[in-house]
Amino acid sequence: MRKIGLCLAFLAFAGIAGFAQAPKSSISKTKPAAKKPGSTATPKRPEVTPPDGSIATEPNLKIAFIGDVGIGTYQRAVLNLLKSEGAQAVLHQGDFDYHSDPVGFWSSVNNVLGPNFPYFVSVGNHDVGKWPTTASPSYAGMQLERFPRMGITPDSLELNNQMYSVTFKGLKVVFVGEQNGVGDAIYAPFIRAQLKSDNHAWRVCSWHKNMNAMQVGDKTDDMGWGVYEACREAGAIIATGHEHSYERTKTLANFSTQAVDPDYPDPNRLAVTPGRTFAFVSGLGGESIRVQKRCWPIDPPYGCKGEWAKIYTSNQKAQYGALFITFNVNGDANKAHGYFKTIGGQVVDEFDITRQSGAVPPAAAAPAKR
Ligand SMILES: [Fe+2]
């Protein structure tokens with residue numbers, strides 16, 4: 001009886017101490033450091049590993065996503081926003097300075113963020129002339145010089161094919177290029193190869209261009225569906241630019257048909273798992289702001305097939321800004337939180353993402369054709 005009483009007393013204490021609140025999906029590998037009396041330092045969070053044994057990102061890893069940036073006042077305002085929001089890295093989805101000026105572009109980045117700040121780029125159509133390392137100077141060449149300063153070793157030092165991957169603080173990112181017509185034949189197989197045996201909990205696909213149905217302006221079918229579907233099949237978040245506005249999908253079960261996953265219709269509660277993910281255009285980096293040409297009306301519920309969770313263009317009086325996603329939030333390696341913030345300080349989109357391991361049932365992965 002005494003033993004049972006002691007057990008009950010311990011369980012009651014554990015509940016009060018919050019251990020009972022620990023997410024079931026998390027396994028503590030290390031004990032949290034005890035806070036010293038009077039200390040103002042925040043105790044280090046315990047490392048957590050998702051139950052499927054995948055590799056977690058560092059706790060509260062905040063990444064900024066920008067595209068179509070240009071050079072000058074608005075670019076600086078956006079870069080300063082990234083700094084003030086505490087982003088730990090930038091993933092730039094193409095179109096840098098629009099002047100084919102690698103030195104000017106990278107200098108403008110360094111002037112605000114410093115020469116060692118983790119800054120990773122996907123090549124855009126306005127960057128392609130000075131991308132190859134055979135150009136002098138070269139955007140890719142200067143990215144390569146930056147890797148060791150950031151403490152990063154990419155999968156390959158060959159960037160002339162516009163494809164590479166990195167792992168940053170536990171986040172796997174695959175970058176592909178902007179050439180029309182090679183998405184299905186070259187970029188999609190690269191993405192599949194990169195993600196097939198990868199064991200990171202959170203993965204991102206980053207590129208510049210779009211399919212017409214994956215943006216709300218007048219961009220055409222440049223990428224092919226293969227890249228979108230390769231990332232969906234692997235459960236990787238899809239980051240794009242090119243159209244100068246911000247738009248984000250709901251959780252999609254099929255990109256080529258824009259089918260919303262019937263199990264996750266909530267626009268602000270997304271799920272990412274092999275077979276389902278979401279995509280966004282984050283093209284308000286500073287160059288210009290365009291109108292909404294597709295999927296009217298301009299307020300939710302939007303048109304087309306109901307695939308859009310948020311549309312933010314000049315019709316919604318958009319300002320420049322960036323999308324931020326924080327991974328491994330609140331001590332849960334399978335949770336992430338996203339928000340789009342403008343240089344005026346307004347949060348115009350906010351959403352939660354849950355990552356699940358394992359494959360989705362075939363019915364959800366391939367909705368029946370009607
Ligand atoms: Fe572009």
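Me: What makes Y139, A140, Q143 and R146 the buried residues of α4?
Reply: Buried means 20 or more other C-beta atoms within 10 Å of a residue's own, exposed means 12 or fewer, and partly exposed is in between, with C-beta atoms placed from the backbone. In α4, Y139, A140, Q143 and R146 count as buried. Seen down the axis of α4, they fall within an arc of 110° (directions from the helix axis to the C-beta atoms), so they line one face. Exposed P148 and R149 sit on the face turned away from that buried side.

Me: Before we go on, what sort of model is this?
Reply: It's a predicted one: local features need pLDDT of at least 70, side-chain atom pairs count only at pLDDT 80 or more, and totals for chains, interfaces and linings use all residues. Residues are numbered from 1 along each chain as its sequence is written.

Me: What covers the buried residues of α4?
Reply: The cover includes α3 (102–113) and β5 (119–121). Helices (H or I, at least four residues) and strands (E, at least two) are DSSP runs numbered from the N terminus.

Me: Why are α2 and α3 called oblique?
Reply: Helix α2 (residues 73–84) packs on α3 at about 40°, axes 9 Å apart. Under 35 degrees is roughly parallel, over 145 roughly antiparallel, 65 to 115 roughly perpendicular, and the rest oblique. The pair is therefore oblique. Contact (C-beta atoms, placed from the backbone, within 7 Å) involves Q75, R76, L79, N80 and K83 of α2 with S108, V109, V112 and L113 of α3.

Conventions: Two residues are in contact if their C-beta atoms, placed from the backbone, lie within 7 Å. Axes are lines fitted to C-alpha atoms, for helices over the stretch in contact, and angles run from 0 to 180 degrees between N-to-C directions.
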